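Me: Please go through the structure shown below in questions and answers, with the criteria behind each term.

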Amino acid sequence: MKNSIKMLRAKHNLTQEDLAQKVNVTRQTILAIERGKYPPSLPLALAIAKVFNTPVEEIFQ
Amino acid sequence: MFYNASMTGKSYNKARVILSILIAVIASNAVVNGNLIIVPITILIGLLIKRLLVKHTKEVLEDERNQLVGLKAARITVNIVSIVLMSISFLLISLTEPSHVYLYNLGIVLSYTTVFILAVYSVSYWFINKDFS
């Protein structure tokens, strides 16, 4: 699953660690999502969308 | 040295490894010296200390990805263990000579162990499936 988390992180000046803390997961999970290795659950996808204040369908394609 | 009120993930891992080594050393010494009562007490104290460490770690130690990995690993483990145990028990029961009674008995024990593992898996699957439906 493609996503624009890396780009949005850079735009919001957040590290993987920062984002992981905000959505209550490990840094490895954020890395796996960014690489497209792990598709996040719906609650996690919504939490990420909330952090970036962006609709979930714009982040995950 | 390894404990403070808000530990990071790295210091938690260090403390966990040291705790595991300590428990293993104490428990194995207790078994060697015949003090079997010390073993469960050591394990219990170790579990309590681990719980305390988890409570005081500020980082997230387990999330949905870890749980998914654990679930897949557990399922693969059950499959591999049951196939291997069943094969060994089949070989022991069918191919051992009548004079080697202990090998035949070992085969019987292994086959019952396999049945027990699969029964526990089926029961826990049934309960968890019931929870999600």
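Me: Leaving aside neighbours within four places in sequence, with which residues is A:Gln16 in contact?
Reply: In this predicted model, A:Gln16 is found in helix 2 of chain A, where helices (H or I, at least four residues) and strands (E, at least two) are DSSP runs numbered from the N terminus. Contact means heavy atoms within 4.5 Å. With neighbours up to four places away left aside, the residues that A:Gln16 contacts are A:Arg9, A:Arg27, A:Ile30, A:Leu31 and A:Glu34.

Me: On what conventions and confidence limits do the values rest?
Reply: Residues are numbered from 1 along each chain as its sequence is written, and chains are lettered from A and ligands numbered from 1 in the order in which they are written. Side-chain values use heavy atoms, with hydrogens and water left out, while in this predicted model totals for chains, interfaces and linings use all residues, local features need pLDDT of at least 70, and side-chain atom pairs count only at pLDDT 80 or more.

Me: Is A:Gln16 buried or exposed?
Reply: The classes are set by relative accessible area: buried is under 20%, exposed is over 50%, and partly exposed lies in between (1.4 Å probe, protein chains only). The relative accessibility of A:Gln16 is 14%, so A:Gln16 counts as buried.

Me: At what distance does the side chain of A:Glu34 make a polar contact with the side chain of A:Gln16?
Reply: A polar contact is a pair of N or O atoms within 3.5 Å; within protein, one must be able to donate a hydrogen and the other to accept it, and residues adjacent in sequence count only if both atoms are side-chain atoms. A:Glu34 lies in helix 3 of chain A and is buried, at 16% relative accessibility. Its contacts, not counting residues up to four places away in sequence, include A:Asn3, A:Ile5 and A:Lys6. The polar contact between the side chains of A:Glu34 and A:Gln16 is at 3.2 Å.

Me: Which residue forms a salt bridge with A:Glu34?
Reply: A salt bridge is a side-chain nitrogen of Lys or Arg within 4 Å of a carboxyl oxygen of Asp or Glu, and by this rule there is 1 salt bridge over all chains. The pair links distant parts of the chain, helix 1 and helix 3 of chain A, 25 residues apart. With the closest N and O atoms 2.5 Å apart, the partner of A:Glu34 is A:Arg9.

Me: Which three residues supply 51% of the area that chain A buries against chain B?
Reply: Buried area is the accessible area (1.4 Å probe) that two parts lose on being put together, summed over both. Between chain A and chain B this comes to about 750 Å², with carbon and sulfur atoms giving 52%. The contact takes 11 residues from chain A and 8 residues from chain B. On the side of chain A, the 51% share, more than that of any other three residues, comes from A:Thr26, A:Thr29 and A:Tyr38.

Me: How many residue pairs are in polar contact across the interface of chain A and chain B?
Reply: The count of salt bridges between the two chains is 0. Helix 3 (residues 27-34) of chain A gives the largest share of the side of chain A that touches chain B, 3 residues. With both residues at pLDDT 80 or more, the residue pairs in polar contact across this interface number 5.

Me: What is the phi of A:Asn24?
Reply: Most residues other than glycine have a negative phi. A:Asn24, in the loop between helix 2 and helix 3 of chain A, is exposed at 56% relative accessibility. Although A:Asn24 is not a glycine, its phi is positive, about 60°.

Me: What is the angle between the planes of B:Tyr121 and B:Tyr125?
Reply: Rings of Phe, Tyr and Trp (its six-membered ring) pair if their centres lie within 6.5 Å; planes under 30 degrees apart count as stacked, over 60 as edge-to-face and the rest as tilted. B:Tyr121 and B:Tyr125 are 4 residues apart in helix 4 (residues 101-131) of chain B, and therefore separated by about one helical turn. Their rings form a tilted pair, 6.2 Å centre to centre, and the angle between the planes is 35°.
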